[in-house]
Amino acid sequence: MVRIRPGEGGLNHGDATVPMQVNDNAARKADEVMGASADPAVVALANDILRSLTYRVGKNASVATRYDWLAATIKVIRDRLVDKWIASTKKAYGQESKRVYYLSLEFLIGRLMRDAISNLGMMEDVRAALATLGVDIDLIASLEPDAALGNGGLGRLAACFMESMATVDIPAHGYGIRYKNGMFRQEISDGWQVELPENWLDHGNPWEFERRERSIEVGFGGNVEMVQDNMDAEPRYVWKPKERVLAVAYDTPVAGWRGKRVNTLRLWSAMSVDPILLAAFNAGDHVGALAESNKAEALARVLYPADTTPAGQELRLRQEYFFSAASLQDIVHRHLHQYGELKSLPDKASIQLNDTHPAVSVTELMRILIDLHGFDFETAWDMCTRTFSYTNHTLLPEALESWPVPLFESLLPRHMQLVYAINARLLLGARRNHGFSDDQIRAISLIDEGGERRVRMGNLAFAGSHSVNGVSALHTELMKETVFADLHKLFPERINNKTNGITPRRWLVQCNPELTKVITSAIGERFLDDTEALRGLDAHAEDRAFQEKFAAAKRRNKERLAKLVAERLSIRVDPAAIFDIQIKRIHEYKRQLLNIVEAVSLYDQMRTHPHKDWVPRVKFFGGKAAPTYHNAKLIIKLANDVGRIINSDPAVRGLLKVVFMPNYNVSLAEIMVPAADLSEQISTAGMEASGTGNMKFALNGAITIGTLDGANVEIRENVGADNIVIFGLTAEEVLKRRANGYNPREIIEKSPELAQALSAIASGVFSPDDRDRYKGLVGGIYDHDWFMVASDFDAYAAAQRRVDGIWRDQAAWNTMAIRNTARMGWFSSDRTIREYARDIWNVPA
């Protein structure tokens, strides 16, 4: 059995736990090492790192490991952040600023050391200080683990937004869960995905501060009692939970560009109120005595536990309520501490729900206001809707969460009462004031009555918010027409668009210093503070000398990726080939399958027509499949099977390679994105909300091949139709084709290349050990093809041959690549956050 284990960091640097061979002088004071002529700031920094190593890590320089140097350096940088953090907090209190609270189940923050050092403007000083101590900053930075706090675009967007909120000087807190084992660490064993626990906290997390004093009790289950103080008073409702757990806060400082503001990411860990049942332990029940502790800790153990079982569904709902309740109680506590009353909460706090995961926060705030602080229902509802706003990230019905009513009611009995009360208000208002029909009433109801009764969290988030935004122009319009059509009719001013963005600090300056230098040499440094200044590159797009510099930077990034592939997978790839990259969560609507089928078709053509002038190409894939998503895991296996056959076939003469990169995460993306020539954004039109990978690739000079889906539409508007390769059905055409009785078999029979590729896959050409392995996967394309693989195949293949033609004219290719970088400034998350601040949160930025 062959098992491919992902590397610990960027490149292989040996055993990080073995003491480093540092200069003999490293243990002496840095000013003695560097001499009197050295930069005083570098001397001071080197001394601080040595003191940190000695007194905070507890090691002498002569025996310190690379991890020790990493921890010592991080703690010195953290000290610099803390000063600015405290100043930012004091400023927010002193100015009585309105705060933004961003609630997200994911924060895919990646590594933080380079991010913090760069944003503080200390990169060269830190590099120089470590060098005088005999330590290579690149060596230790690659050892920092990716924080296992997210999985895909949702979490990466939240991370970009946190950095941008600090950059544009908005007082903000992020709230989430401190997952101990993340989603999973992906290994590839004989081509199959294997899920293993993440171990990112094995060496501790030197960035965080535990705030045990901010522990909050969160309840589950129990019953609700009605209390009537006297016959004339309105009854009160008291929830008496059967079970309680403690949410313990861990704070991480998040620095904005140039360190102007430092905000807080507060993550909740879970522990039992009673860590051990001592009587049971002493009676000999050593395992049972820890049962409650284990149950509590499971809340912060794994991101997205499988929900195919009742126990899995319960754990997911518990997680969502746990972090929502802890966050809401913390927000209310902070407001009361500063203002002494709650009536002004909507004027001083804006709570953004990042997708439906924290939607239960709506009922939790209602419970706090009504049950704990005595507000009447109407006043509480007004305060609630003025405080909350909701970002929708999907049009997929299965991703708009809903929970069985019995499960919701057993875990959160008081919240179920409030759901019914909110629903009654909503439905009565729709019927009386707007004349809604029975079908419309059913569509907007918070309770889905079709089959098993379920609580619709998307409808709850919509009803409880004053703003509901999509994340691209197309997605927002489709929200109005599909999943929220009737709620949009009821609240026609509520839905608005806020097209996603990415932080250019992480996704250009830090991940692509080669390109950053080239850009700076041409247009100066203004783009570092205003990404729209990248437009200045347009004037250089056809300049051959600049093209050579731009292409040389790309080549160096490709060589770095090629080296990584060789080290991790023992596969040799040619940096002179097109690096064609599709890295994202594995899902059928993202259509990695379309890409693989086209690779098989291209492989057939290369063998059949060896005399043609084929363009060398390496197709890269990366991404994780949900552990219970059978077809997604099968697609990963197919990619590896196809790669194994193609990569070892001498008939293609190395002109085509297929590479699946295991354990895709932020740090791997930071290597792959700068190396991409071609960015695959090929989702079924109308199904991708936005995408942010498309923005990262284009900013780094990759040309997009894609459908008119998500933010691809706006990328085309910004970079120009001549600088992007668009193919396939539009969202409207997809809907029409499905409605009119789509027959994929008929399309396949008319496309010889597609039919041959599908036949090869289904017949076991790429799976000789199990010839039936892919029959079901291919059969799904023949039988229903919900994701339009067959419909779009010929257009996709033609678009790829158009890409080949452009590549042959390197001057034309470089011009297109430069124009992509030049025209992506609008997609900065700073712009997105300013729009949220202006249109939704009502805060200055």
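**Aromatic contacts: exercises**

The charged end of arginine 738 lies over the ring of tryptophan 786, 3.9 Å from its centre; a charge sits over a ring if NZ of Lys or CZ of Arg is within 6 Å of the ring centre and within 35 degrees of the ring normal. The model is predicted, so local features need pLDDT of at least 70 and side-chain atom pairs pLDDT 80 or more, while totals for chains, interfaces and linings use all residues. Residues are numbered from 1 along each chain as its sequence is written, and side-chain values use heavy atoms, without hydrogens and water.

**Exercise 1.** Classify the pair of tryptophan 85 and phenylalanine 209.

*Solution.*
- Rings of Phe, Tyr and Trp (its six-membered ring) pair if their centres lie within 6.5 Å; planes under 30 degrees apart are stacked, over 60 edge-to-face, the rest tilted.
- Across the whole structure, the search finds 17 aromatic pairs.
- In this one the centres are 5.5 Å apart and the planes at 50°, which makes the pair tilted.
- Tryptophan 85 belongs to helix H3 (residues 66-94) and phenylalanine 209 to strand E6 (residues 209-220), so the pair ties together parts 124 residues apart in sequence. Helices (H or I, at least four residues) and strands (E, at least two) are DSSP runs, numbered from the N terminus.
- The charged end of arginine 78 also sits over the ring of phenylalanine 209, 3.9 Å from its centre.

**Exercise 2.** Decide whether tryptophan 85 is buried or exposed.

*Solution.*
- Buried means under 20% relative accessible area, exposed over 50%, partly exposed in between (1.4 Å probe, protein chains only).
- Tryptophan 85 has 6%, so this residue is buried.
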